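Please take this structure one region at a time. Keep the sequence beside the model as you read.

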Amino acid sequence: MSRPDRSLVIVAGGRSRRLGRDKPLVEIGGRTVLSRILGATAQFEDTVLAVREVPPFRRALAADGWEPGAESAGPPGSVTLRSPEGRALLVVPDPVPDLGPLAGLASGLGAARGAICVVLAGDLPFVTPDLVDRLSGELASDAESDAVVPHARGQAQPLCAAYRREVGRLAARLVAGTAASGGPSPSMMGFLERLRVRTVTAEQVKRLGDLETMVRGVDSRADLEWAERSAAGAD
């Protein structure tokens, strides 16, 4: 699979109520979580960052040297940024804020160009290049599946997974239906139940590292303390 045939979608639209700060912009070991994710996914030529509000992320990325790129070809309100190394990043706002991660998934997949998209939550400080390559490669080799999803920490991890871009249309319909009805936000687990999912276990990827560490997000103060200890131990 050539690199242009796949995309990266980072879903970072949550309000981080438990932590009290935008989780992707929290610093761990001197780098923001978002910077760590981007560093682990430099192999992706097409990258989309789906957020609730663009300005905070634009400012944070500017502090890391990202500058405005070519005029955005994304949805209204989106911006294209370019890293000092020349990597392009399309930052897109959720069309319907506060409808949960499925809304970010829908907007991210809608803006992506690759047929296969690795989708990552914006709070995964220890995701690795090998893991994202494994997920996208597994889906590319399995024409019968809509998604490849790791199973760790006792459950499926839909925000550290590979999806076919076309399933974004289903996500968009579910989000639009919720927005119109005023009902509860669609869950990622409910979304997975509608797809043909291939599961990846910790045992299957153990040579790549500890799966539970790679899929653990910084959702609470305890998670942040764990991440800081882990980063310090790795340095």
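The lining of the second largest cavity divides into four nonpolar, two polar and one charged residue. Here Ala, Val, Leu, Ile, Met, Phe, Trp, Tyr, Cys and Pro count as nonpolar, Asp, Glu, Lys and Arg as charged, and the others, Gly among them, as polar. The lining residues are Leu25, Thr32, Leu34, Ser35, Ala60, Leu61 and Asp64. Helix H1 (33-40) and helix H2 (54-63) are the elements that give two or more residues to this lining. Helices (H or I, at least four residues) and strands (E, at least two) are DSSP runs, numbered from the N terminus.

This is a predicted model, in which local features need pLDDT of at least 70 and side-chain atom pairs count only at pLDDT 80 or more, while totals for chains, interfaces and linings use all residues. Residues are numbered from 1 along each chain as its sequence is written, and side-chain values use heavy atoms, with hydrogens and water left out.

Back to the cavities. A search of the whole structure finds two cavities of 30 Å³ or more. A cavity is a set of points, on a 1 Å grid over the protein atoms alone, where a 1.4 Å probe fits but cannot get out; lining residues have an atom within 4 Å of a point. Grid points are joined across faces, edges and corners, and the volume is the space filled by probe spheres set on the points. Around the largest cavity you will find Ala12, Gly14, Asp22, Arg52, Glu53, Pro56 and Phe57. By class, three of these lining residues are nonpolar, one is polar and three are charged.

Six of the eight residues of H1 are buried, so H1 is largely enclosed by the rest of the structure. Buried means under 20% relative accessible area, exposed over 50%, and partly exposed in between (1.4 Å probe, protein chains only). In H1, the buried residues are Val33, Leu34, Arg36, Ile37, Leu38 and Ala40.

Which residues of H2 are buried? They are Val54, Phe57 and Leu61. These residues cover an arc of only 75° around the axis, which puts them on the same side of H2. The arc is that of the directions from the helix axis to the C-beta atoms. An α-helix has 3.6 residues a turn, so residues three or four places apart point the same way. On the other side of H2, Arg59 and Ala63 are exposed. The buried residues of H2 pack against strand S1 (6-12), H1, strand S4 (47-51), strand S6 (79-82) and strand S7 (88-93). Contact here means heavy atoms within 4.5 Å. Just after H2, Gly65 takes a positive phi of about 95°.

Charged pairs come next. Side chains of opposite charge can pair when their charged atoms come close. A salt bridge is a side-chain nitrogen of Lys or Arg within 4 Å of a carboxyl oxygen of Asp or Glu. By this rule, the count comes to eleven salt bridges.

Start with Glu138 and Arg134, whose side chains meet in a salt bridge (2.6 Å, N to O). The two are four residues apart in helix H4 (residues 129-140), so they are separated by about one helical turn. Glu138 counts as buried at 12% relative accessibility. Arg134 counts as partly exposed at 23%. Beyond its neighbours within four places in sequence, Glu138 is in contact with Val148, Arg198 and Val200.

Arg198 also forms a salt bridge with Asp142, the closest N and O atoms being 3.4 Å apart. This pair links distant parts of the chain, 56 residues apart: Asp142 is in the loop between H4 and strand S9 (147-152), and Arg198 is in strand S12 (residues 197-201). Asp142 is buried, with a relative accessible area of 13%. Arg198 is partly exposed, at 30%. Salt bridges that share partners join Arg134, Glu138, Asp142 and Arg198 into one network.

Another salt bridge pairs Arg216 with Asp223, with the closest N and O atoms 2.9 Å apart. Arg216 and Asp223 are both buried.

Finally, find Gln157 in the loop between strand S10 (155-156) and strand S11 (160-164). Gln157 counts as buried at 12% relative accessibility. The C-alpha atoms of Gln157 and Arg216 are separated by 9.3 Å, with the residues 59 apart along the chain. Leaving aside neighbours within four places in sequence, Gln157 is in contact with Val149, Pro150, Ala152 and Val215.

How values were computed
1 Å grid on protein atoms, 1.4 Å probe; cavity = no way out; pocket = protein on both sides within 12 Å on 5 of 7 lines; lining within 4 Å.
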